[in-house]
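Hi everyone, thanks for making the time. Let me put the structure up, and then I'll walk you through a few local features.

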Amino acid sequence: MSDMNSSTGPSSDSDYLLLAIETSCDETSVALVRNGREVLSNIISSQIETHKKFGGVVPEIASRKHVESITIIIEQALREAGVSLPDIDAVAVTQGPGLIGALLVGVVAAKSLSLALDVPLIGTHHIAGHIYANHLVGDIIYPAIALVVSGGHTEIVLLEEEGKFRIIGRTRDDAVGEAYDKVARALHFPYPGGPYVDKLAQEATEEVVLPRAWLEPDSYDFSFSGLKSAVLSEINRSRMKGESPDFSALARGFQQSVIDVVTTKAIRAAKEFGVRQMLLCGGVAANRGLRDRLSSLCEEAGLPLLIPTNKLCTDNAAMIAAAADLKYRRGQFSSLDLKAEPILSLEDWSV
Amino acid sequence: MQRNQEDDSLMRMVREASTEKDTIAFAEELAKLVKPGTVLALDGDLGAGKTRFAQAFAAAIGVQGIVNSPTYTIIKEYEGAKLPFYHMDIYRLSLEEADELGLDEYFYGEGVTLIEWASLIEPILPSERLHIHLETTGSESRKITCQPIGREYELWCRQLQVQAVKEEGPTA
């Protein structure tokens, strides 16, 4: 059984294979990635057909749901990659940040595999994963700025060199994804309604111009709570006048405000720190309006932009393998007493 | 005890906050009373300032750095000066899902729990808790209604000098 690292696999001697597990919040995901960049499989619980078979409902927040799916998804990931457990050279897992009960399931599974296969364990930071999803689609040139926009996170991260993270801006209240979902609620879309707002904004012909929260002149932080309130008060104002609010114009106004602030700050950071590349990542990177605006601003600034594919933008395990690869190549492994950490510093996780 | 009679007889206390500062001041006063196992059940419409209230409360119990919205991650944990702070938003959960999360570990844990949209999971809240309802009455003004459940929380409300209101009859 301890015949690990043997030449039974299809790989050559210099090749290595990482198995990665991500269970930080709603998704159970397992991926097999060769040499840190080549995704052999990347199974995400909510995206597979057999989902209903084991009673998974979205969101899979409860630990029990992760427990039910994890072994099935590990097996499916191995099968799809055409590899078997002894081929694995290291096991990576999201250590945090996230929901403790959900994280624990992944951590326990990863430790068990690491112990049973006698291969290194690599505790990985969820946001490092989002950022390094970009490494699965292209080469990262340093220094780089990463704009992380997801349901739970909105951050501007400076990467002065590979694997060195410095957070220069973060949201003080709602993450972009949350702001979208909350505005969607106000516009009577079902939760999570972010994508509906994006679509409505794209189709809108009118725009209700809403305020921009720039905060202090030199700040890279964000605040979207006031914008949410502005949308709500616009709705109230129309109702008081006996009119029905123009939801599409509001969606457009909201989207324009968010995109304006987020992209302007990212570009300003890029200029201040003289970076050579912009990285967009996180679930909201799928937002059309945001992608388009950032693309054109980067083009104007002569700044190459990387954006992962939509599947790699949402929570997934391949991105965890991509980040864990930083540590794998440096031989920086975790011990088996690794703990799931609901709060985990990205900067401290740097190589 | 009287709180077990009928719902209408529950003690309710109201404080009018005319500015955001007043709301923050209330959060700060409240922060002086908390201890391990305190449960604050916070409600109010979208935009009423639940997260803002939580931020002021967290700062007052000594949480350093940014406290942002827990809507997506459901629970965020912080270290206060003396107590951990568990900040929850259960809006996107069903009662069943919330039940499966094992929230009791937080409720009866070492820290203070503040739950946004708490009324959605009322059946699984601890038997003693302080309900706080924020209502928008103007751009910055809020009506803060406290409903203590349990003797200790009733005492708190008296200490907080929130104004007790008699439940009104079925007037229009």
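Predicted model: local features only at pLDDT ≥ 70, side-chain atom pairs only at ≥ 80, totals over all residues.

Let me start with B:Glu100, which counts as partly exposed because it has 16 C-beta neighbours inside 10 Å. On the cut-offs: a residue is buried if 20 or more other C-beta atoms lie within 10 Å of its own, exposed if 12 or fewer, and partly exposed in between, with C-beta atoms placed from the backbone. B:Glu100 belongs to helix H3 of chain B, residues 95–100.

Residues are numbered from 1 along each chain as its sequence is written, while chains are lettered from A and ligands numbered from 1 in the order in which they are written. Helices (H or I, at least four residues) and strands (E, at least two) are DSSP runs, numbered from the N terminus.

Now over to chain A and its helix H2, residues 100–117. How far does this helix reach from its first C-alpha to its last? The 18 residues span 25 Å, close to the 26 Å expected at 1.5 Å a residue; that expected span is 1.5 Å times one less than the number of residues.

The buried residues of H2(A) include A:Ile100, A:Leu103, A:Val107, A:Ala110, A:Ser114 and A:Leu117. As a reminder, an α-helix has 3.6 residues a turn, so residues three or four places apart point the same way. And what do the buried residues of H2(A) pack against? In chain A, their partners are strand S1 (17–22), helix H1 (63–81), strand S4 (90–96) and strand S5 (121–125), where contact means C-beta atoms, placed from the backbone, within 7 Å.

Staying with chain A, the bond from A:Gly96 to A:Pro97 is cis, with omega near -10°, and A:Pro97 sits in the loop between S4 and H2. Another cis peptide bond joins A:Tyr142 and A:Pro143, with omega about -5°.

Last, chain B: B:Ile74 is not a glycine, yet its phi is positive, about 70°. Is B:Ile74 buried or exposed? It counts as buried, because it has 26 C-beta neighbours inside 10 Å.

Definitions and conventions. Contact = placed C-beta atoms within 7 Å.
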